[in-house]
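Please open the model in a viewer and follow the stops below in order. Each stop names a selection and then describes what is found there.

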Amino acid sequence: MVLALSPLTAAPNVVPAAVSDLDLWDMYRAMLRVRRFEELAGQHYAAGKVGGFLHLGIGEEAVCAGASSVLKPHDHLLTHYRDHGWALARGLEPDRCMAELFGKSTGVSGGRGGSMHFADASKRMWGGYAIVGGHLTLATGLAWAAKVQEPGTIACVVFGEGASNIGEFHEAANLAATWNLPILFLCENNGFGMGTRSARAAAVPDVARRAAAYGMPAWQVDGMDVRDVVAGTREALAFVRSGEGPAILEAHTYRFRGHSMADPELYRDKQEVEAMRSRDPVVNVATELRAIDTARVDAITAEVEAEMQAAVAFAEASPFPDVSTLEDGIVARPDGLTRGVR
């Protein structure tokens, strides 16, 4: 159920989730691709083939799949370090994404960024960012550039609810509202910020209600329901594209895995996690579609599985970056010399 919040009162009003033209088959395929990519990523991380940190968004697939389906190719997209699903939904190739996790030269960032730095300029996917909230101000700058140079283009910046407690969020929101910028602040509120429940760390846990401080409208959606995500994103983006200014969209979702692969999850009740699995967006859509055409569901599932296994094979067969490229991409060096970015 989509809730629209007034920019003055932040009082919620129910808005019908009208998405009669939604292709649920496409949404199932998009969500399943993200799910299987991340499940395989987790398996290979446990096997020692993926280095660094790995933050999985298993359970949150309806948000990236639903919202991405509404964005346009020329829009800017920036996201936080739980970025795998957003990259795939934006159209980045799973083989190059998996190769990035493996640290291979064929990865989307040449094997140099890893899990938290998926990016592809050709798709205006400007990356996942490891610094919590740091990308909010960058997205505001892109929105300013879009307003001046590309009318009709918007910036969409994805962040977790934990980032709404830091200065960059408030600076970005204030500047975006003051300059009437075309930007959608999209919050994936999964209820937990690293090792604690968000309600214990925020006086106002609902991020959408903070929009009132900056005169912005806001929408809240059920992030476990892809229909609701699409409906809310359409309304929020329609407002931003109209030239009225920025908006906030908050998707209440839930991740079934820990904050990262290194998280023992001692801070949340395992019974709660199991209870939330009944709202699994991928499983529930599959169940709904099986009532229509079981064979088609099985065919899509098999196609996605083959695609993701091929991505793993591509990553394993790809070479590591050559040591001679160690300084490629460095703009400035201590000795004053520069080297071009490849």
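Contact here means heavy atoms within 4.5 Å. Helices (H or I, at least four residues) and strands (E, at least two) are DSSP runs, numbered from the N terminus. Residues are numbered from 1 along each chain as its sequence is written, and side-chain values use heavy atoms, with hydrogens and water left out. The model is predicted: local features need pLDDT of at least 70 and side-chain atom pairs count only at pLDDT 80 or more, whereas totals for chains, interfaces and linings use all residues.

**Stop 1: helix H5**

Select residues 134–149, which form helix H5. The expected span of a helix is 1.5 Å times one less than its number of residues.

Next, colour the buried residues of H5, namely His135, Leu136, Ala139, Thr140, Ala143 and Ala146. They lie on the same side of H5, because they cover an arc of only 150° around the axis; the arc is that of the directions from the helix axis to the C-beta atoms. Buried means under 20% relative accessible area, exposed over 50%, and partly exposed in between (1.4 Å probe, protein chains only). Val148 and Gln149 are exposed on the other side of H5. What do the buried residues of H5 pack against? Their partners are S3, S5, helix H6 (167–178) and strand S6 (183–189).

**Stop 2: His76 and Arg124**

Move to strand S3 (residues 76–79), where His76 is found. His76 is buried, at a relative accessible area of 4%. Beyond its neighbours within four places in sequence, His76 has contacts that include Arg124, Trp126, Leu142 and Cys156.

Now select Arg124 itself, in the loop between helix H4 (94–101) and strand S4 (125–128). Its phi is near 55°, a positive value in a residue other than glycine.

**Stop 3: Asn180**

The loop between H6 and S6 holds Asn180. The phi of Asn180 is also positive, near 55°, in a residue other than glycine. Asn180 is partly exposed, with a relative accessible area of 30%.

**Stop 4: the largest pocket**

On a 1 Å grid over the protein atoms alone, a cavity is a set of points where a 1.4 Å probe fits but cannot get out, and a pocket is an open set with protein on both sides within 12 Å along at least five of seven lines; lining residues have an atom within 4 Å of a point. Grid points are joined across faces, edges and corners, and a volume is the space filled by probe spheres set on the points.

Select Tyr81, Gly160, Gly162, Ala163 and Gly193, which lie nearest the centre of the largest pocket among its 28 lining residues. The space in this pocket is about 390 Å³. Strands S5 (155–160) and S7 (192–193) each supply at least two residues of the lining.

**Stop 5: the largest cavity**

How large is the volume of the largest cavity? It is about 90 Å³. Select its lining: Val34, Glu38, Gly57, Glu60, Glu61, Cys64, Arg82, His84, Gly85, Trp86 and Glu188. Helices H1 (24–46), H2 (61–68) and H3 (84–90) are the elements that give two or more residues to this lining. H3 gives the most, with three residues.

**Stop 6: Val63**

Finish in helix H2 with Val63, which is buried at a relative accessible area of 1%. Among the residues that Val63 touches, not counting those up to four places away in sequence, are Trp86, Leu186, Glu188 and Thr253.
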